Amino acid sequence: MNTKTHSKLEKILASGNLAVTSECGPPRGTDPEAITKKAELIKDHVDAINITDNQTSVTRLCSLAACIHLKLMGIEPTLQMVVRDRNRIALQSDILGAASFGINNILCLSGDHQQFGDCPQGQNVFDIDSMQLIQTVRLMRDEGKFLGGDEIKQPPQMFVGAAANPFADPFEIRVPRLAKKIAAGVEFIQSQCIYNLDKFELWMKQARDRGLINKVYIMAGVTPFKSAGMAKYMKNRVPGMDVPDEVVKRLSGVPKERQPDEGINICVESIQRLKECEGVRGFHIMAIEWEEKVPEIVERSGLYPRPELDK
Amino acid sequence: MRLHYPSNIKIVKIPCTGKVDLIHLLRAMEKGADGVYVVGCLEGACQFISGNISARKRVEQAQEILESIGIGGERIQMYNLSSSEAPLFAQVATEMTEKIKEMGPNPIRLAMKKKAA
Amino acid sequence: MIVAEKKPIEEIAEEVKEFNKILITGCNECVTVCEAGGKKEVAVLASTLRMYFMNQGKDLTIDEITLERQCDHEYLEEIRNVIDQYDAVISLACGVGVQFTAEKYLRTPVFPGVNTCFMGVSEERGVWSERCQGCGQCMLGKTAGICPISRCAKRLLNGPCGGSTQGKCEISKDLDCAWQLIIDRLDELGRMGDYEEIIPIKDWSTERAGGPRKVVREDVKI
């Protein structure tokens, strides 16, 4: 496949290599070291790093600024953009801002409802939804136009991604929803973290049957459990998360000090199994507050060193 | 049966407690009554199906309102008995009177007295 | 209809405590149906306020009247001859009625007695829920008669989001996921193909965002 942007992530995916990305959450303050230090730990083991956008509606240093910090370090960022907090003017504006710093990847998301965060009394925006944001980025890039119709001087060249959650309800529309996002113009997908591999593989099969895997790069999301407690929490308290009982049992069956190691084991095993799943083009390793484990996960999964591609 | 019950009670006869509306309870208190009690049929035995259930809900609303404005929610009560339970009626009448005596006169009545003076 | 809720008595009492002659006006329409501001509620509020103030040693007059509506000139005119007798009005109509009363009677302070909430339905006695936000461009034909703008917490036009769990919204187990409802209904209607159409970006200029709205029918104006 040909590439349309300068995105390193796009190049690696297009080359047929398995891509590896990870994620960092910005600090609840102004110290950029909170991001740059984490990025330093993982930069040689991933192709691009996502920066979350006020995740769970908790006010943090903005994704755009954090991406700029990464870019200045020579690391490839992926700007996560939720539609909860910004109207179409601000969204387009931030896209231009990101592109002006050479940020090449964007992930278009709805965003958790503000009720979950630190400002439950705040307004929300939802001027356009995540599907329409995908269309917007493509319009700006490929037609060089603003939503209002005017020409953009030097259009942004961004590689457009979105999230997919095969584990949310209703399951029957999760593949039609993927098809819809592809029709809207999405180019890569990062899935919600996978613990129920059977269900994920079923979703992938349905995607294959619809002929979708040649139209989009699907990256499988994984998150290592730090403890059985974390597994139980995510099973019971996080919407759209599917953690099978066997996984919780496996972790609970191990003494507390060994649970983190077991969590990493499960994660690596998942990656190894999903490598065989046709249509999976890479892995998105989300180890929030445990970024130091990413190198180990990447190495043990046989994904190190990362391919060096000529620019 | 000629049983005794306190003489300070004024009885208002109605075909069903379902006919008692919230405003009736409040007006009684507004005019200076020290307490109101609603006596209805046993739950499940209402001749008009659920009149006594509606009455109970309104009694609860009245209790909440009176409590919130400092008059005392306990001044309004609902009792359920069958019309053949005369001794129970007398007992309830006595119980209610004791309760009101304990609570003291309706502050509204005192305020009205003061105003007239 | 417009659904409203009674304001707490302490709040209302605080608003009018300095006045001596008050008129409470009810409305015979929406607020009667949702049991917040009809004739019965006017009577209850009047009685409660009288007792409240009497208990504090304050002597005041509170009168009651319930108008057919408070959003039409004809009905509000009915109090023109008496309103000057009062220092203040507590209107139990929805926010619309309170404002129209204030617009008509410039010399009398008007206070709201209810909190106006939304446009909705009576699901059952005592339960009312939201159905419409007045976006000005109804698209119910595309979503099997279920509105994603009023019933989806994120007003997604191409939902559901990844937080939909067992047919419920991520923000509350008591809230149906609007998009689950839409999908179920489309399925029942045999129109799942509609789901795959991308609903385009909405024109919000006919909604609150575009500024206070007006509908004018030149063909009907005299």
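A: A crossing is right-handed if the near helix is turned clockwise from the far one by less than a right angle, and left-handed if anticlockwise. The model is predicted: local features need pLDDT of at least 70, side-chain atom pairs count only at pLDDT 80 or more, and totals for chains, interfaces and linings use all residues. Residues are numbered from 1 along each chain as its sequence is written, and chains are lettered from A, ligands numbered from 1, in the order in which they are written.

Start with chain A. Helix H4 (residues 88-100) of chain A and helix H5 (residues 130-142) of chain A have axes that come within 11 Å and cross at roughly 50°. The crossing of H4(A) past H5(A) is right-handed. H4(A) brings Leu91(A), Gln92(A) and Ile95(A) to the contact, and H5(A) brings Leu133(A), Thr136(A), Val137(A) and Met140(A). Contact requires C-beta atoms, placed from the backbone, within 7 Å. Of the residues where H4(A) meets H5(A), 5 are nonpolar, 2 polar and none charged. (Nonpolar covers Ala, Val, Leu, Ile, Met, Phe, Trp, Tyr, Cys and Pro; charged covers Asp, Glu, Lys and Arg; the others, Gly among them, are polar.)

Now chain B. The axes of H1(B) and H2(B) come within 9 Å and cross at roughly 40°. These two helices, H1(B) and H2(B), are therefore oblique as well. H1(B) passes H2(B) in a right-handed crossing. On H1(B), the contact uses Leu22(B), Leu25(B), Leu26(B) and Met29(B); on H2(B), Arg58(B), Val59(B), Gln61(B), Ala62(B), Ile65(B) and Leu66(B). That contact of H1(B) with H2(B) holds 8 nonpolar residues, 1 polar and 1 charged.

Chain B also meets chain C: 15 residues of chain B touch 13 residues of chain C. On the chain B side, helix H1 (22-30), helix H2 (51-68) and helix H4 (107-116) of chain B each give two or more residues. H1(B) gives the most to this side, with 6 residues. The chain B side that touches chain C divides into 10 nonpolar, 2 polar and 3 charged residues.

Definitions and conventions:
Axes fitted to C-alpha atoms, helices over the stretch in contact; angles between N-to-C directions. Helix = DSSP H or I, 4+ residues; strand = E, 2+ residues; numbered from the N terminus. Contact = placed C-beta atoms within 7 Å. Parallel < 35°, antiparallel > 145°, perpendicular 65-115°, else oblique.
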